[in-house]
Amino acid sequence: MNIQNISIQTQTLSTTTTKQTPSRFSRFSLDIQSKIESAAKVSDNAGFRNFLKEIGYEGEPIASLNQEEAKALVSKDGFFSLENTAQRIADFVILGAKDDQALLNAGIEGIKAGLKQAESLWGGTLPDLAYETTDLALKQVNDRLDALL
């Protein structure tokens with residue numbers, strides 16, 4: 001899925017929500033689109049460093065880490081652990097959507113679409129960690145949605 005497809009889906013979804021929601025939804029969708037575009041720029045070193053800074057990583061440059069330091073980043077308490085990464089994804093959706101059920105649902109669909117896009121870029125099935133992280137993030141957003149019902 002490319003950015004144009006996301007924009008088209010955003011326009012379609014925003015026309016199906018209430019009259020007060022489209023502008024909020026559009027802003028939320030543009031923020032998601034901006035994050036996707038930012039992540040797509042990580043192929044260059046400066047873009048990658050900026051992306052890491054945007055998501056709150058303040059550690060040593062990734063390329064300069066030794067094997068032990070890199071393993072620590074993905075360990076249970078590390079910045080890129082399954083739990084911490086899922087929490088950042090869920091927080092992005094929950095904080096952006098607030099108590100708006102339509103936006104929470106849109107965020108859930110966005111997470112699923114992001115996983116599909118990652119599979120496409122990867123060339124097929126991702127490592128299990130990607131699915132476990134996505135499942136945990138989806139559970140957290142769904143739990144928030146359930147709490148509103």
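**Helical content and nonpolar core of the predicted model**

Of the 149 residues in the chain, 29% are buried (buried meaning under 20% relative accessible area, exposed over 50%, and partly exposed in between, with a 1.4 Å probe and protein chains only). The structure is a predicted model, in which local features need pLDDT of at least 70 and side-chain atom pairs count only at pLDDT 80 or more, whereas totals for chains, interfaces and linings use all residues. Residues are numbered from 1 along each chain as its sequence is written, and side-chain values use heavy atoms, with hydrogens and water left out.

The chain contains seven helices and zero strands (DSSP runs numbered from the N terminus, with helices being H or I of at least four residues and strands E of at least two). The order of elements from the N terminus is α-α-α-α-α-α-α. Where contacts (heavy atoms within 4.5 Å) link residues at least 6 apart in sequence, 54% join residues at least 24 apart.

The largest nonpolar core comprises 13 residues (a set of buried Ala, Val, Leu, Ile, Met, Phe, Trp, Tyr and Cys residues joined through side-chain atoms within 4.5 Å). Within this core, V93, I94, L104, I108, I111 and V141 have the most contacts. Two or more residues each are given by helix 5 (82-97), helix 6 (101-122) and helix 7 (128-148). Helix 5 supplies the largest share, five residues.

T134 is located in helix 7. T134 counts as buried because its relative accessibility is 10%. Apart from neighbours within four places in sequence, T134 is in contact with I111 and L115.
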